[in-house]
Amino acid sequence: MLEVTSLRSGYGAVEVLRGIDLDIEAGEIVALLGSNGVGKTTFSSVLSGLIRPWSGTIRFKGEEIQGLSEQAIVDRGLIHVPEGRHVFPNLSVRENLELGSYRRGRANRARNLDHVVDIFPRLKERFAQKAGTLSGGEQQMLAIGRGMMAEPELLILDEPSIGLSPLLVEEMFDLIQRLNSDGLTILLVEQNVLQSMEIAARAFVMENGEIRLSGVASVLMDDPELQRSYLGLA
Amino acid sequence: MPDLAILIPSVLNGLTTGALYALVALGLTLIYGVLHIINFAHGALLMIGLYAVYFLNVQFGVDPYVSLLIVPPLMFALGYALQRGIITRAGHGRDENILLVTLGLSIVIENLSLFVFKSDTRVIDTPYSFEVVEILGAFLPLPKVIAFVGAFVTAGILWVLMSRTDLGKAIRALAKERKGAKLVGINTEHVYAMSFGLGIACLGVAACLLLPSYYVSPQVGHGFVLIAFTIVVLGGMGSFVGALIGGLIIGVVEALGGLFLGESLGQIGIFVIFILVLIFRPTGLLGHKV
Ligand SMILES: Nc1ncnc2c1ncn2[C@@H]1O[C@H](COP(=O)(O)OP(=O)(O)OP(=O)(O)O)[C@@H](O)[C@H]1O
Ligand SMILES: [Mg+2]
């Protein structure tokens, strides 16, 4: 579904992504792991068109999309739920969800709205509340729900568990797994290695703007290098 | 204390003027709320609208109220083009640049119109220019009553647009969360320009409603823009309801000031309010919201 080759990008003259190769098959959860500042968010933002790539190719559903506008990428069904939520604080929960289908999925808006509140019953109770007054966890749900409104074919979730209580983190991972078993392809960007590996089919580990390790999640878990640098195991 | 027979007409007159001020301020507050810029070209653009209504009437015999179908869409297009073609490009996304760009635009527009139209003051003749309507025992010019109603209808349309349509929601979303807006596929440059266009279209409506009871000259915008700034500050930068209420308050204050202090000092009250609000309630009556 997604095939990234030799992708380079950065900010100003500073190179952050130094040639990334990554692929995602339809129906998979793929985890992108790595510690702070290695370039995970930059990578997600290049995929969704927020940041221009310097070189390399991004193929989505067989078509090259690198350098397209955010709108054109949303049109194709690649939806990015950003780190830090970025919900519309001055709009109600309902309006936030409606705007999720501003560009894509507009025809099925009512149906998708029902679907999203089925997944997140908590949002239904707060339909008329301004998004800025929601708790952090609720805002994260809203951000994902807003993404779902666009009928994504590939959903990028950038650190969905950040800032959530352990119980809610558990719930969030269950939910991601559920979305996936309904057929959604997901790129899960996380620092939460153990829990991500449990639900992901494959994982890529990023270090300093490059992919350091990659493979089937269950196999990668036994990799001594991963155990040493990310799980603190000897 | 003057008796009610003088006070009521004065207040009613103030309300009708105030509704038009509110309309001008509505455009200003919309642009501020979304683009976070103060549009110094607002007065100059109102002047263009008034000339458009004037020439449509004088050259082609188009009634100013019929011009409501023509001038606001033209002003919308002008606003859209200005924002996308000049203000964004010349401003390079820096607020202080944009401020200077709108200031520069207003100077260019005014000087061009001084050159083309001279500084003559022009009025139009309509069959209803001198008709009056009796309200609460006061006789009000018909065009001012129509302007009052028209301003509220426009505000109502704008409210529906902003709260019920995708465009309106996108405008409000973009005002506060640019990245989120991009991620749902909102074309930010387009929506910024739509907001500016809508703000300028409000001036087009104001021009159509104003001209039957007013005049046009190259400097006509000055008075309005100063008052509109006061209203926007009074009502709270970016607040719609604030602009409406603020407009009415300012209209009445001006009318009563004229009644008690004489025509030439009538506007003093407005600036006293302006200063008092800045000192005691700098966020305005209704604070900051869009
Ligand atoms: N807007 C920006 N301008 C300049 N440099 C940036 C910008 N955003 C990120 N960077 C730099 O790019 C590098 C990668 O940042 P990025 O946000 O992609 O990391 P990350 O892997 O998502 O980290 P985290 O896990 O903390 O979210 C960092 O060194 C960061 O300082
Ligand atoms: Mg990040």
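## Enclosed cavities

A cavity, on a 1 Å grid over the protein atoms alone, is a set of points where a 1.4 Å probe fits but cannot get out, and its lining residues are those with an atom within 4 Å of a point. This is a predicted model, in which local features need pLDDT of at least 70 and side-chain atom pairs count only at pLDDT 80 or more, while totals for chains, interfaces and linings use all residues. Residues are numbered from 1 along each chain as its sequence is written, chains are lettered from A and ligands numbered from 1 in the order in which they are written, and side-chain values use heavy atoms, with hydrogens and water left out.

A search of the whole structure turns up 2 cavities of 30 Å³ or more, a volume being the space filled by probe spheres set on the grid points, which are joined across faces, edges and corners. The second largest cavity, of about 40 Å³, has a lining made up of A:Ser48, A:Glu70, A:Ile73, A:Val74, A:Leu78, A:Ile79, A:His80, B:Lys182 and B:Leu183. Two or more of these lining residues come from each of helix H2 (70-75) and strand S6 of chain A and helix H7 (178-183) of chain B, where helices (H or I, at least four residues) and strands (E, at least two) are DSSP runs numbered from the N terminus.

The largest cavity holds about 70 Å³ of space, and the residues lining it include A:Ile79, A:His80, A:Arg146, B:Leu183 and B:Val184. Strand S6 (78-81) and helix H6 (136-148) of chain A are the elements that give two or more residues to this lining. By class, the lining of the largest cavity has 7 nonpolar, 3 polar and 1 charged residues, with Ala, Val, Leu, Ile, Met, Phe, Trp, Tyr, Cys and Pro counted as nonpolar, Asp, Glu, Lys and Arg as charged, and the others, Gly among them, as polar.

## Where the chains meet

Contact, meaning heavy atoms within 4.5 Å, joins 22 residues of chain A to 18 residues of chain B. The two chains bury about 2000 Å² between them, 60% of it on carbon and sulfur atoms; buried area is the accessible area (1.4 Å probe) that two parts lose on being put together, summed over both.

Between chain A and chain B there are 5 salt bridges, each a side-chain nitrogen of Lys or Arg within 4 Å of a carboxyl oxygen of Asp or Glu. In one of them B:Asp166 pairs with A:Arg109, their closest N and O atoms being 2.6 Å apart. On the side of chain A that touches chain B, the elements giving two or more residues are H2 and helix H3 (93-100) of chain A, and the largest share, 4 residues, comes from H3(A).

## The largest pocket

A pocket is an open set of points with protein on both sides within 12 Å along at least five of seven lines, and the largest pocket has a volume of about 640 Å³. Its lining has 29 residues, of which B:Thr17, B:Tyr21, B:Lys144, B:Glu254 and B:Glu263 are the closest to its centre. The largest share of that lining, 8 residues, comes from H1(B), and by class the lining has 13 nonpolar, 13 polar and 3 charged residues.

## A salt bridge within chain A

Over all chains the count comes to 19 salt bridges, including one between the side chains of A:Arg202 and A:Asp23 (3.2 Å, N to O). Because A:Arg202 lies in strand S9 (residues 202-207) and A:Asp23 in strand S2 (residues 14-24) of chain A, the pair ties together parts that are 179 residues apart in sequence.
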